[in-house]
Amino acid sequence: MDLKKEYFVHESSYVDKNVSIGNNTKIWYFCHIQQDVIIGDNCSFGQNVNIANNVKIGDGCRVQNNVSIYEGVELGNNVFCGPSMVFTNDLTPRADFPKGSVGYLKTFVDDGASIGANATVVCGHNIGKRAMIAAGAVVTKDVKSHALVAGVPARQIGWVCKCGERLGTSMKCSKCKKEYVETETGLEEK
């Protein structure tokens with residue numbers, strides 16, 4: 001059995017020491033993957049992506065151009081990060097009073113969630129499974145599974161199916177016909 005991993009890193013990108021990159025992952029132009037990062041299989045990182053120390057990224061993630069994933073952020077499987085969206089990791093940053101990693105708040109983005117272009121996710125908040133964050137939204141609190149949020153600050157404006165289609169009041173997808181029931185943490189498929 002061949003244990004060698006097969007992945008692509010463009011020659012203009014930098015990968016620091018002690019980084020694990022999964023099979024079939026592609027890292028494109030001008031990216032920097034810092035030390036102690038774990039990246040799953042079948043991921044894609046667009047131009048000018050920075051992944052900070054100790055970040056974990058699941059399988060099948062798509063990170064578009066100009067995204068920085070800072071220490072304290074973790075992505076589940078099949079997460080989509082739109083172009084130039086922003087994560088933070090410090091609620092009260094000061095250039096002359098750096099906290100270091102012990103002061104960073106954790107942010108977890110669960111499986112299948114999508115974050116639109118130019119959205120901001122303020123640290124210390126979690127995004128549920130299959131949630132959808134609209135372009136330009138500013139997330140300042142936890143987002144439930146399958147919730148559709150938009151605005152500044154982001155507010156829930158509906159629900160979305162696993163396939164991404166907006167759900168109506170019947171909670172049945174008009175496209176793929178999946179049905180959902182509302183729970184305390186969001187939606188679950190029937």
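In which sense do strand 22 and strand 23 pair, and over how many bridges? Keep that in mind while you open the file, which holds a predicted model.

**Stop one: the hairpin.** Select residues 180-183 for strand 22 and residues 186-189 for strand 23. The two run in the antiparallel sense and are joined over four bridges. Two residues sit between them, and together the strands form a hairpin. To see one of the contacts, pick V181: its bridge partner in strand 23 is E188.

Now bring up the nine strands that form an open sheet, in the order 1-4-7-10-13-16-18-20-21, with mixed pairing. Go to the edges by selecting 8-9 (strand 1) and 155-159 (strand 21). Each of these has a single partner strand, so one side of each has no neighbour in the sheet.

The structure holds three aromatic pairs. In one of them, the ring centres of W28 and Y29 lie 6.3 Å apart with the planes at 35°, so this pair is tilted. Y29 also forms a tilted aromatic pair with F30, at 6.2 Å centre to centre and 40° between the planes.

Are W28 and Y29 buried, exposed or in between? W28 is partly exposed at 29% relative accessibility, and Y29 is partly exposed as well, with a relative accessible area of 37%.

Notes:
Residues are numbered from 1 along each chain as its sequence is written. This is a predicted model: local features need pLDDT of at least 70, side-chain atom pairs count only at pLDDT 80 or more; totals for chains, interfaces and linings use all residues. Side-chain values use heavy atoms; hydrogens and water are left out. Two strands pair if DSSP finds at least two bridges between them. Rings of Phe, Tyr and Trp (its six-membered ring) pair if their centres lie within 6.5 Å; planes under 30 degrees apart count as stacked, over 60 as edge-to-face and the rest as tilted. Buried means under 20% relative accessible area, exposed over 50%, partly exposed in between (1.4 Å probe, protein chains only).
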